Amino acid sequence: RVEMFHTDSVMCGISALALRTNAPTVLREEALSYPDPKGATVFGSGAKCAPEKAICANASAVREWDSNGTVFGYNPNIPGHTAGEFGHNDFYPVVMAAAQVTGDIDGKKALLAMICLDEIRGRLAEVFSLKSYKIDHVVHGAIASAAVYGALLGASAEQIESAIGMAVAHYIPFRAIRAGKQLSDSKGASAAISTEAAVLSMRRAMRGFVGPKDIFRNPEA
């Protein structure tokens, strides 16, 4: 199923770029202006750029048609797992970028990482309803992206905790992105931009920056 979801997301992304839709095109061009020989690629180019920029561009393209998979966080078989938050399969470019950066992730490991990303996001969606606080649902995916990207690059548990702490403390998008009289490019690119911030936080943590610990139990969070 994950292989199918990933293929579906890639086809959505490529078609969005082929038809020159606005946000994916702008973000792809932006990514290509951040060259990094040790980075990752955007759809339709062999040039490597900063990983978080490539992820942002590709995730935006994947989501543009709003046609790929949706999950609903509701499991009545487990007490407390009925928050009912939802999300989408926008985040697989995180795994593909990590595979390009490391150069040693095979297809099986990549698929397992995609499953891990969906599982983290799905469990968070079951236990915490972001929409109840006017927070955009993409935050769950950003948290999962930081964790999975870090794990694939060999980050320590402390570094992953720092990255998640930074992502939650510094980069919380509100649902105003997808409400109101005029919906902008921010709606379709919300997951992409949040994930860009999460991966940047992970890279920063791996360089030694220390983010807030235990962000989920912090009384001010």
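Me: Where is Arg20 found?
Reply: Arg20 sits in the loop between α1 (2-18) and α2 (22-32). Helices here are DSSP runs of H or I with at least four residues, strands are E runs of at least two, and both are numbered from the N terminus. The model is predicted: local features need pLDDT of at least 70, side-chain atom pairs count only at pLDDT 80 or more, and totals for chains, interfaces and linings use all residues. Residues are numbered from 1 along each chain as its sequence is written, and side-chain values use heavy atoms, leaving out hydrogens and water.

Me: Why does Arg20 count as exposed?
Reply: Its relative accessibility is 59%. Exposed means over 50% relative accessible area, buried under 20%, and partly exposed in between (1.4 Å probe, protein chains only). Arg20 therefore counts as exposed. Its phi is positive, about 60°, although Arg20 is not a glycine.

Me: What makes Asp214 partly exposed?
Reply: Asp214 has a relative accessible area of 32%, so it is partly exposed. Asp214 lies in the segment after α8. Phi of Asp214 is near 50°, again a positive value in a residue other than glycine.

Me: How do you know whether Glu85 is buried or exposed?
Reply: The relative accessible area of Glu85 is 0%, so Glu85 is buried. Glu85 is in the loop between β3 (70-72) and β4 (86-88).

Me: Which residues does Glu85 touch?
Reply: Leaving aside residues up to four places away in sequence, its contacts (heavy atoms within 4.5 Å) include Val71, Phe72, Phe128, His137 and His140. Val71 is 14 residues apart from Glu85 along the chain, and their C-alpha atoms are separated by 8.5 Å.

Me: How do the axes of α3 and α8 cross?
Reply: Helix α3 (residues 51-63) and helix α8 (residues 185-206) have axes that come within 8 Å and cross at roughly 160°. Axes are lines fitted to C-alpha atoms, for helices over the stretch in contact, and angles between N-to-C directions run from 0 to 180 degrees.

Me: Which residues of α3 and α8 meet?
Reply: Among them are Ile55, Cys56 and Ala59 in α3, with Ala192, Ile193 and Val199 in α8. By class, this contact has nine nonpolar, three polar and five charged residues.

Me: At what angle do α6 and α8 cross?
Reply: Their axes come within 8 Å and cross at roughly 35°. The contact includes Ala142, Ser145 and Tyr149 of α6, and Ser194, Ala198 and Met202 of α8.

Me: What makes α6 mostly covered?
Reply: Of its 15 residues, 14 are buried. Just after α6, Gly154 takes a positive phi of about 85°.

Me: How do you know that the span of helix α7 agrees with 1.5 Å a residue?
Reply: Helix α7 (residues 157-170) has 14 residues and should span 20 Å; its end C-alpha atoms are 20 Å apart, so the two agree. The expected span is 1.5 Å times one less than the number of residues. Helix α6 (residues 138-152) reaches 21 Å, close to the 21 Å expected.

Me: What do the buried residues of α7 pack against?
Reply: They pack against α6 and α8. Ile160, Ala163, Met166 and Val168 are among these buried residues.

How values were computed: Ala, Val, Leu, Ile, Met, Phe, Trp, Tyr, Cys and Pro count as nonpolar, Asp, Glu, Lys and Arg as charged, and the others, Gly among them, as polar.
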